[in-house]
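I opened a new page in my notebook today. Come along while I look up a few things, one entry at a time.

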Amino acid sequence: MALRIGCCAPPGKAPGNKTGSWRIYLPVIDGETCTLCGNCVLICPETAIEEVEGEIVVDLDYCKGCGLCAEECPTEAISMELEEK
Amino acid sequence: MLQIMEGSHAIAEAVRLCRPEVVSAYPITPQTHIVERLAEMVADGDLNAEYICVESEFSALSACLGASAAGSRVYSATSSQGLILMAEVVFNVAGMRQPIIMSIANRALGAPLSIWNDQQDSIALRDSGWFQLYGEDVQEMTDQHFIAYKAAERHDILLPGFVCFDGFILSHTYEPVDIPNQEDIDAYLPKYVPYNMLDAKDPISMGMYATPEYYHEFRYEIDQAMMRSAAALSEAGKEFGEIFGRDYSEHVVPYRMDDADVAFVAMGSICGTIKDAIDEMRTDGIKVGLVKIRTYRPFPEKEIAKALGGVSAVAVLEKNVSIGSAMKGAVGPEILHALNGTGIGVYSYVAGLGGRDIRKKDIRAMADLAAQGKGNMFYGLREEVL
Amino acid sequence: MVDKSLELFDCGHRACGGCGPALAAKLILKGAGEDTIIVASTGCMEVFSTPYPETAWKVPWIHSLFENAAAVASGIEASLKHNNRTEKVVCVCGDGATFDIGMLCISGAFERGHDITYICYDNEAYMNTGIQRSGATPYDASTTTTPAGKLSTGNTRPKKDLPQILASHGASYVATASVAYPMDLMKKVEKAVNTPGSCYIQIHAPCSTGWGFEGGKTIEMGKMAIECGLWVNYELENGRLVKAKKVQRVPVEDYLKAQKRFRHLFKPAPLTDEIAKIQAIADANAEKYGIDIKLKE
């Protein structure tokens with residue numbers, strides 16, 4: 001592949017780096033307690049959480065397992081569990 | 001039509017004709033008259049450009065980089081300390097492949113402080129990835145601005161360039177000069193078409209960082225573009241000649257070299273003095289010639305080797321010093337490399353630093369020294385340091 | 001109004017888990033919108049978000065050097081103005097680039113009054129090079145260039161008041177914000193980019209690696225800083241204080257204790273004099289910005 005002159009690139013290639021491999025603890029969401037307030041979606045520094053059809057979904061390809069979502073969940077609906085790999 | 005004009009003002013006229021959209025510069029002697037004149041043109045509506053009055057040369061070139069990245073043709077000018085202050089940006093602009101043209105009114109570097117001419121400033125940045133053109137007189141340095149933009153902006157080049165000329169000696173001298181008309185320049189140099197550009201409709205990231213997997217290749221590509229720029233500058237110089245009657249297709253210009261025994265190599269206004277000295281020496285039967293370097297980066301090695309073939313010794317007049325080097329001057333080693341294997345002696349003479357006059361008798365003395373195989377020295381030192 | 005549901009900061013970037021600056025980048029873009037050109041300084045954010053060819057930025061983005069973002073932005077703004085373009089120019093730079101090495105360019109740009117928004121993501125030290133002190137490092141923080149030791153309690157000087165310095169340049173809008181309050185942050189960014197002239201926002205962006213806390217606590221750390229008065233969220237319009245977030249202030253101890261960079265103030269024995277000096281900084285902030293909620297007796 002030819003390099004783009006001046007070390008430039010269009011968006012789109014960052015997701016090629018699957019940061020989910022860094023994760024030790026996995027966020028587990030309790031659908032019963034979750035109120036879909038959207039706080040976790042807003043604050044996830046990885047943009048790895050979204051609401052899909054009334055459910056909070058974590059993209060495990062990118063979630064680094066930092067636990068910010070769990071710490072900040074107003075209804076404590078997210079728990080961090082040691083992930084078995 | 002020839003007009004009598006100060007060198008700086010002739011450059012300002014050339015820049016106006018190139019229609020830069022953004023001009024940013026900081027005052028420094030002996031460059032200041034250029035940007036003062038450009039500011040007047042903007043104030044009077046004669047140049048439709050944004051003139052950014054920055055707080056330093058460092059910001060001047062940084063602002064130019066931003067404007068260029070946003071898609072504008074831009075211009076700056078500086079000298080000496082100003083160029084060295086912006087050095088970090090100078091390298092950056094080349095790496096980001098922005099075709100910015102900057103005039104350099106060559107001036108010595110401190111310490112000690114000196115406002116007078118030599119070429120240490122631009123030569124110190126020879127490895128930065130900007131091409132470097134040197135003018136001998138007001139007409140040449142003025143015309144070189146058109147050629148520089150034309151070559152720099154080609155999408156197979158995309159490199160910035162210096163147009164260098166001796167501070168005071170050319171920047172403040174009145175000479176007859178032909179300033180082209182706008183219509184002809186518009187045809188020669190159409191509106192700038194950027195290659196990479198900041199645009200919300202087509203976003204890209206510019207100036208990303210490169211890991212060791214890529215960095216090497218990016219530097220290689222800058223060098224490749226620089227080597228290609230030799231042809232681009234030559235073509236731009238030829239086309240300029242076809243339209244305006246002054247041909248700049250050659251990177252080196254020989255003077256009375258046909259049967260020369262000793263040849264001078266030099267850049268800039270000193271070539272005029274050397275030519276006069278050569279004429280005198282020729283009258284006395286001394287076979288001396290000159291090879292003037294117009295394009296210092298990319299270095300025109302083949303052309304230089306060809307022009308110097310057949311001489312017995314080369315005297316490189318260096319208005320610079322590479323402190324601690326064997327030859328003392330920066331240009332000499334490259335001439336030596338060009339003549340590798342020919343057995344021709346190459347000798348550097350560091351002269352004219354900080355505005356010291358170089359007279360015809362000095363040229364004659366250097367020719368003598370070269371014929372005797374003596375050189376690689378500071379020429380003409382005051383006795384008290386010897 | 002910009003569409004704040006747009007995600008303009010891509011996944012796959014290489015920031016540490018729970019990174020305050022990464023969250024700041026995401027929220028800044030939500031506040032500024034897609035019609036924005038970002039000018040970055042060299043630093044942590046630049047490095048974790050743009051290793052060639054993997055950029056996390058979905059808007060036009062440029063990085064030149066450590067210290068020249070404000071000058072590069074000046075040139076971009078001039079070019080846009082010349083061509084009647086409407087993109088907003090937003091610098092996003094770290095505190096080292098802003099408080100220290102970039103001051104010359106920032107001062108020049110603000111004095112000239114370019115229509116740009118300069119945002120400092122303030123994680124209070126040079127994190128990219130390994131946690132060295134900057135002009136934004138708070139008093140007594142231990143960094144690798146101001147290490148606490150037998151003869152030292154860490155950084156010897158308080159944080160430089162950069163918002164005030166830029167307000168004094170005539171900046172039309174100056175604000176502080178925190179990643180701990182995302183809605184407030186986005187609102188301030190949106191306001192700044194839509195305010196003509198040079199605007200400045202300083203965003204408190206806790207750094208788990210540099211300050212020494214768990215990545216999941218980034219927002220909690222930001223909130224604690226505000227609750228104790230060591231960080232104040234406020235807005236200045238044309239140099240006048242128009243708004244400051246009020247709090248029922250708590251002592252600074254809990255905030256300090258939660259971070260490794262202040263651990264030397266408590267172990268092996270509490271340095272009460274030093275803690276009192278830090279409390280005095282918080283008290284002075286509270287007085288200056290009037291943030292204390294007065295409870296009815």
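Predicted model: local features only at pLDDT ≥ 70, side-chain atom pairs only at ≥ 80, totals over all residues.

**Entry 1: a reminder to myself**

I looked up how chain B is divided. The domain assignment gives domain 1 as 2-244 and domain 2 as 252-385. I then checked the distance between their C-alpha centres, and it is 27 Å.

Next I asked how many residues of each domain are in contact with the other. I found 27 residues of domain 1 of chain B in contact with 21 residues of domain 2 of chain B. On the domain 1 side, the elements giving two or more residues are helix H6 (120-124), strand S6 (131-134), strand S7 (161-166) and helix H9 (215-244) of chain B. H9(B) gives the largest share of that side, with five residues. I also sorted this side of domain 1 of chain B by class, and noted 14 nonpolar, eight polar and five charged residues.

**Entry 2: where chain C touches chain B**

I turned to the contact between chains C and B. It takes 37 residues from chain C and 38 residues from chain B. Which elements of chain C give two or more residues to this side? I listed strand S1 (36-40), helix H2 (44-49), strand S2 (61-63), helix H3 (69-82) and helix H5 (103-112) of chain C. The largest share, eleven residues, comes from H3(C). By class, I noted 18 nonpolar, twelve polar and seven charged residues on the chain C side that touches chain B.

I also found strand pairing between these chains. Strand S9 (residues 205-206) of chain B runs parallel to S2(C), and two bridges join them. Met206(B) has Ile62(C) as its bridge partner in S2(C).

**Entry 3: a strand inside chain B**

Then I looked at the partners of S11(B). Four bridges join S11(B) to strand S14 (residues 313-318) of chain B, and the two run parallel. In that pair, Val262(B) has Ala313(B) as its bridge partner. S11(B) also pairs in the parallel sense with strand S12 (residues 288-293) of chain B, over five bridges. There, Phe264(B) stands opposite Leu290(B). I traced one more pattern: S11(B), helix H10 (residues 270-283) of chain B and S12(B) make a right-handed β-α-β unit.

I found a cis peptide bond between Thr29(B) and Pro30(B), with omega about 0°. Pro30(B) sits in the loop between strand S2 (22-25) and helix H2 (32-43) of chain B. The bond from Gly110(B) to Ala111(B) is cis too, with omega near 5°. Ala111(B) is in the loop between strand S5 (101-106) and H6 of chain B.

For positive phi, I noted Glu76(A), near 50°, in the loop between helix H2 (68-72) and strand S4 (78-82) of chain A. Glu124(C) has a positive phi as well, near 65°, and lies in the loop between strand S4 (116-122) and helix H6 (162-167) of chain C.

Which of my two entries is buried, and which is exposed? Glu76(A) has 12 other C-beta atoms within 10 Å, so I put it down as exposed. Glu124(C) has 29 C-beta neighbours inside 10 Å, so I put it down as buried.

**Entry 4: the nonpolar core**

In soluble globular proteins, nonpolar side chains tend to be buried together. I looked up the largest nonpolar core here, and it has 249 residues. Among those with the most contacts inside it are Ala263(B), Val314(B), Val39(C) and Val92(C). Both domains of chain B take part, with at least three residues drawn from each.

I finished with Val92(C). Leaving out residues up to four places away in sequence, I found that Val92(C) touches Ala25(C), Ile28(C), Ile38(C), Ala40(C), Met45(C), Ile119(C) and Tyr121(C).

Notes: Residues numbered from 1 in each chain as written. Chains lettered and ligands numbered in written order. Domains from an automatic or database assignment. Contact = placed C-beta atoms within 7 Å. Nonpolar A, V, L, I, M, F, W, Y, C, P; charged D, E, K, R; others polar. Pairing = 2+ DSSP bridges. Right-handed = clockwise from strand over helix to strand, strands pointing away. Buried ≥ 20, exposed ≤ 12 C-beta atoms within 10 Å, placed from the backbone. Core = buried A, V, L, I, M, F, W, Y, C linked by C-beta atoms within 7 Å.
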